Amino acid sequence: YSADELRRFFDLPDREPDGIVAVCDTKAKGSDYAFMPIMYLYGQDCYIADCVCDNGDPGVVEERLAQMLVKHKVQMCQFESNSAGWHIAEKVQNRVKELGGIAKITTKPTTINKETKIVVNAPAVKQRCLFLDSTKYKPNSDYGKAMSMLTSYTMAGRNKHDDVCDGMAMAVLYLDSMTYGRVEVIPRPW
């Protein structure tokens with residue numbers, strides 16, 4: 001994920017998005033990060049408008065996740081159901097309801113090797129996702145931290161923080177699961 005390979009944007013398109021969705025790679029333990037990109041969908045393009053990228057206290061992070069879902073009026077969100085993911089998803093869903101949000105949270109277990117998932121989905125992330133221009137966020141903000149982690153990922157060794165790359169791979173897989181087949185009318189063969 002070299003910075004010059006990523007598509008960028010300054011402002012969202014001047015029309016209603018086709019949908020607002022999110023995915024969440026939850027914080028497991030230690031220095032692990034919770035990462036939740038907020039995705040505004042316009043046709044095949046996915047604008048990463050905001051995110052939570054936080055390795056703080058789980059209770060604080062869960063509140064931030066709920067607040068972000070409500071702030072952006074996210075309609076659907078998928079949480080990775082790793083060791084504690086389903087429990088976190090349930091707590092965040094309850095908090096979103098308390099706050100008057102509309103997000104429907106689902107969970108999905110991880111079945112793919114993390115490094116493989118990151119590598120094979122990187123081209124789709126680069127093709128479909130647009131990230132804020134670097135002039136639109138501060139380096140120490142959640143978005144700044146996420147972009148730093150994304151652009152410092154390497155396939156040539158160990159990565160201290162691969163949570164953002166994993167979350168972006170999860171994002172394109174989630175987007176693909178929402179894509180329906182194309183229907184084409186053909187003449188009757190008989």
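These legends describe close-up views of a predicted model.

**View 1**
The protein chain holds five helices and seven strands. Read from the N terminus, its elements follow the pattern β-β-β-β-α-β-α-β-α-β-α-α. Of the 190 residues in the protein chain, 46% are buried. Its accessible surface is about 10500 Å², and carbon and sulfur atoms account for 53% of that area. Contacts between residues at least 6 apart in sequence were also sorted by separation: 68% of them join residues at least 24 apart.

**View 1. The sheet: seven strands in mixed pairing.**
The strands form an open sheet in the order β1-β7-β4-β3-β2-β5-β6. Pairing in this sheet is mixed. Strands β1 and β6 (104-108) are the edge strands, and each pairs on one side only. From one strand to the next, the twist averages 30 degrees. Strands of a sheet pair through backbone hydrogen bonds, in a parallel or an antiparallel sense.

**View 2. Strand β7 and its two parallel partners.**
Strand β7 covers residues 129-132. Strand β1 (residues 7-9) runs parallel to β7, and three bridges join them. Here Arg8 stands opposite Phe131 of β7. Strand β4 (residues 45-54) also runs parallel to β7, again joined by three bridges. Cys46 has Cys129 in β7 as its bridge partner.

Strand β3 (residues 34-42) pairs with β4 in the antiparallel sense. Nine bridges link the two strands. Across this pairing, Tyr40 stands opposite Tyr47 in β4. Two residues lie between the strands of the hairpin. Gly43 takes a positive phi near 60 degrees in this hairpin. Is β4 enclosed or open? Nine of its ten residues are buried, so β4 is largely enclosed by the rest of the structure.

**View 3. Helices lying across the sheet strands.**
Helix α2 (residues 85-98) lies across β5 and β6. Its direction is at about 180 degrees to β6. Helix α3 lies across β1, β4, β5 and β7. The angle between α3 and β7 is about 75 degrees.

**View 4. Helix α3 packed against helix α5.**
Two packed helices are described by the angle between their axes and the distance between the axes. The axes of α3 (residues 114-128) and α5 (residues 163-177) come within 8 Å. They cross at roughly 65 degrees. This angle makes α3 roughly perpendicular to α5. The crossing of α3 and α5 is left-handed. On the α3 side, the contact is made by Lys114, Lys117, Ile118, Asn121, Ala124, Val125 and Arg128. On the α5 side, the contributing residues include Asp163, Cys165, Asp166, Met168 and Ala169. Val172, Leu173, Leu175 and Asp176 of α5 also take part.

Gln127 is found in helix α3. Gln127 is exposed, with a relative accessible area of 59%.

**View 5. Lys73, a residue with positive phi.**
Where is Lys73 placed? Lys73 is in the loop between α1 (58-71) and β5 (76-80). Its phi is positive, at about 55 degrees, although Lys73 is not a glycine. Most residues other than glycine have a negative phi. Lys73 is exposed, with a relative accessible area of 58%.

Note on methods:
Residues numbered from 1 in each chain as written. Predicted model: local features only at pLDDT ≥ 70, side-chain atom pairs only at ≥ 80, totals over all residues. Heavy atoms only, no water. Pairing = 2+ DSSP bridges. Helix = DSSP H or I, 4+ residues; strand = E, 2+ residues; numbered from the N terminus. Buried < 20%, exposed > 50% of the residue type's maximum accessible area, 1.4 Å probe, protein only. Contact = heavy atoms within 4.5 Å. Areas by Shrake-Rupley, 256 points an atom, 1.4 Å probe, with all protein chains shown as cover. Axes fitted to C-alpha atoms, helices over the stretch in contact; angles between N-to-C directions. Parallel < 35°, antiparallel > 145°, perpendicular 65-115°, else oblique. Left-handed = near helix turned anticlockwise from the far one by under 90°.
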